[in-house]
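Biologist: I have just opened this one and could use a guide. Can you walk me through the model, a piece at a time?

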Amino acid sequence: MSSRRSTVESMLVDTSDEDAEGAAKDNCTYEKIMGLDGASAGADALSSRLASFRKWLTDDAKCKVHPSLCIVNGEATDGTKNAPVLVFGPPPSASSSAGESVAGSSRCGMIDTDSERALYDRTMGCQVRAAREMKKDEAMLTCPRTAMITPDLIANSDAGRAILACCEPLGTGSGTEKYGFWDAFENTAKSEQKYAVKFSSTSSHGSQLLVKILQERKRAERIVAKAEQEITNAVAKSDGRSSQNKVKVDGIQHRLAPKGAISTRAPFLAFIIHQRFSNASNPPVSSVGMDSRNNGEHHVHDKGEKNASHTVPQQKSLPESPSTFGPYARTLPPYVSLPICWRREELSLLSSCISGSRPLEEVAATTFQLASDLIYLIEAGILHRFPSIFPRGLITWDRWVWAASVFTSRVFPASYYLNDGESSAKKSKAIKGEEIVSPPEILDELGVMIPLLDMLNHESEAAQITWSRPSFPNNGDADEFNKLDSNYQPKAILHKRAKKGSQVYKNYGVKSNQSMILKYGFAQMNNLDDSLKIGWGLMDGVGGVSPPEDNELNDIYESGFNSVGETSDEPENTELKKLVGKDKKYFVYESLEKNSLNSWWTESRLALLEQMLADKKVFPRLKKGEKGMFWANSDGTYDSILLISAVVATMPPHCLRKQAKSSQLTLTPLHQRILRRYLHYFFSRKFEKLLQSLNNGLKDHFNNELWTKASDGGLQYNGGDGASSIGWQHFFDMHAYSSTMEAEKRYYAVGPDSCVLTLYDGHLRSLHTSMEGIMSEPKFESGVMKQLKDLGFQISAEEVEEDEIEAADEVADEGDNVTEAIEKKTEQDGEEDKNCKKEDPMDVDKEGNECEKSGSKPKDKTEKNTTTSKNSSSSGQQTGNQKGQSQTSANNSGKNNANDRNRNRRNRKKVERPPAIKLHIGNLSYTTVPDDLFDFFANIFGRENVLECHIPTERDTGKSRGFGFVTMPETAALQA
């Protein structure tokens, strides 16, 4: 067979008249194909389409479907015998009139009729159910790769080639250069990220960002309407023939899109629109080979114009690939409630609250990218250059957004297409005849669409389906990897039985509600995978300062506590109250006062923080006075980098000096209490700020005043009938369940209002859970302290004597004298211009952002306040109000005695414990525990020579990381 290198215009422009005449002869329209224009609209029309889809799935796509499986949607079924049917009453304000939006709704991405959308609104889409019992290990679906919508299929399709023809030519077209289809397009994620960075780096937040989203929607709609009007005017000036029957529309200028101006997502959206809205009963994927006139080299150019389709040869389609995906596309829901489709009032729920700003930024980035793609295509003539693929009116802004919402909610990762054990297309192996033509990074980026599998709803625990991928054959021969042999095809396997009449579920994976809302349009209530991104900077952890005046939580902590807002008089809490009185001088709070910041965050403290942080990108930001971003989690775990930062921030000065001479960080009981108290303070402040933001943003929508304190029950606050405010839990129960759906004893929010409230509930619970894990001593031990142990920290149970703390405070250890470091820095900078101001990372505004004062840069962290005495000790600078500070200058003899006592203690320690060396032990079995490590070394070197054994574990799983540490005396360590 001769090679084909035809452009879209050469293949289809020649046949457009015949295609249009055939469609007119059959009187075939989209409304008629879908059954939207007659008495059968609604459940009957959907039943007909589901039956056609089931037949196409087995006959054309060559899939094998379990005979007990059925597709239902309320009263509509695919015709399977004994299919369960749920009978609904008439939908609210149902209408049989066709239309792509409801009057006054201001939503976008809505297609078809009210009655059609009502079917999906009441069931959250089609459901896959078991008409009869399906047993464990049976295959629900066997799907050959040729039945999937892949980047290769898109690149070979008529719709994809039309999008390519809207791009400028790649290279010179000399034939010596080799370009692929996807070279003309920009990575979608990178393209959206450019907009996201733009929105996050400007002051466009909240209502301003919402206005920009709405304006961009209107702009896209206006450009589509203007282009359609230009076509109408051009047709009127011509011979009066319908533009659908014309080869070209004269008098309309178009401009091809530059390389990379259109995203890789656009060809997928164009394909979905073509297959769904075509006036042909079975719209072809590709017209190559359908007409003998297309054999051989054949080019038709618009007035000599070249485009990208001339420089990219058309790929050869797989011989068993379905000729059409129309029956599948016509079962897709007419509306997916993603935020990119929400109306103004629904989006304003995100714009009015702090934690809604990040998802709103993603909505804005996606909206602007979708609009950019469509506008580039319209300017390139997509509406009039390819009448047989995209007739007049086929592409609209609503349909473009609808296609994006369908693609986003139904696409699967590339791993579903690959062989077992392959996580990336870059590392994939292919048998002869099934090689992936598109670049592997394109498959990894875009993924694949799998008919029927994408109809399964999500359930995390009740899911019965596991996707099973075939293993790569030893010799990679197509004969061994026979496509007709179901053993070598991807399958959906039941890992547990599905009862008769039950819904068949699939687990979408571990996802937060923010991810679920943006990708699928629903949220799961009480989702343990929820988390909230929070900021922390050096200004959030400063010692030696007074507590904030509005800090009501001091009383809770000082009275002893078990849970948020609950106090106890148990002996443990009575003893805690005694210790709190002594610990007060070490408490850490937030402060923007420059002198306090500089005196607390000394060179040694900053050096320790830099040493402890594994993520080297975080420390430079913190040192510049910016805030690092960390996570508060709903599952009771804590962000490890945040914990480490809090440990360093709360370390008492005497512990800090000792740490400078130790290879491993040890938390004394005093340090543990300060850390516990600080974490409670930090999370409580974040919790109250979020509640205040929610109260300000939501009270106009729901006419309720929220309780905004962490005390008195926090989320569970109940002020009684006469209270002016209500607790979040009461508020949530009142409003969030208005549009939810129950599945397997779990509730899912499906309406925009419920989704947003569920999102905020997850954010609050992330902070609330973080507080709860601190309030109770057992929880603190099993949560925070266990994580710190896993991170390699030593936990001490021995209290430090008061006189030892005083002695340590009075003695400035070698190498930890901040004054000397500052004086040295001052001498180095003495020759510079005295008027030049150094960078000071602590010069921040109230939001934690860098301030610019008088046009100068922030001063350097190491610069000391000029009013500080050069003769003051570093310990005095750090602790300010520690005991003995006021006696330092008045009683030199007392200082000398303290120094002598401190030297004696250090000498005694040296005698009791000789110098030790920590050995790194690699390549350990993942089943090895510290006791095994101890026994091994003790048998060789003696038990007295094994001082400590430690094996780090993974934070998420608790499993060994495969290496450990053994601390031994220097002589034994050198021998080992």
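Predicted model: local features only at pLDDT ≥ 70, side-chain atom pairs only at ≥ 80, totals over all residues.

Biologist: Which helix does Ser52 lie in?

Modeller: Ser52 is part of helix α4; helices (H or I, at least four residues) and strands (E, at least two) are DSSP runs, numbered from the N terminus. Buried residues of α4 include Leu50, Phe53, Trp56 and Leu57.

Biologist: And how far apart are the ends of α4?

Modeller: The end C-alpha atoms of α4, which covers residues 43–59, are 24 Å apart, and this agrees with the 24 Å that its 17 residues should span at 1.5 Å a residue, the expected span being 1.5 Å times one less than the number of residues.

Biologist: Switching topic, at what angle do α25 and α27 cross?

Modeller: The axes of α25 (residues 669–702) and α27 (residues 752–775) cross at roughly 160° and come within 9 Å; axes are lines fitted to C-alpha atoms, for helices over the stretch in contact, and angles run from 0 to 180 degrees between N-to-C directions. That makes the two helices, α25 and α27, roughly antiparallel, a label for angles over 145 degrees, with under 35 counting as roughly parallel, 65 to 115 as roughly perpendicular and the rest as oblique.

Biologist: What about α10 and α15, at what angle do they cross?

Modeller: Helix α10 (residues 265–277) and helix α15 (residues 397–410) have axes that cross at roughly 105° and come within 9 Å, so α10 is roughly perpendicular to α15. Among the residues that meet there are Phe268 and Ile272 of α10, and Trp400 and Phe407 of α15, contact meaning heavy atoms within 4.5 Å.

Biologist: Last one, how much of the whole chain counts as buried?

Modeller: Of its 976 residues, 54% count as buried, and the chain has 34 helices and 23 strands.

Technical notes:
Residues numbered from 1 in each chain as written. Heavy atoms only, no water. Buried < 20%, exposed > 50% of the residue type's maximum accessible area, 1.4 Å probe, protein only.
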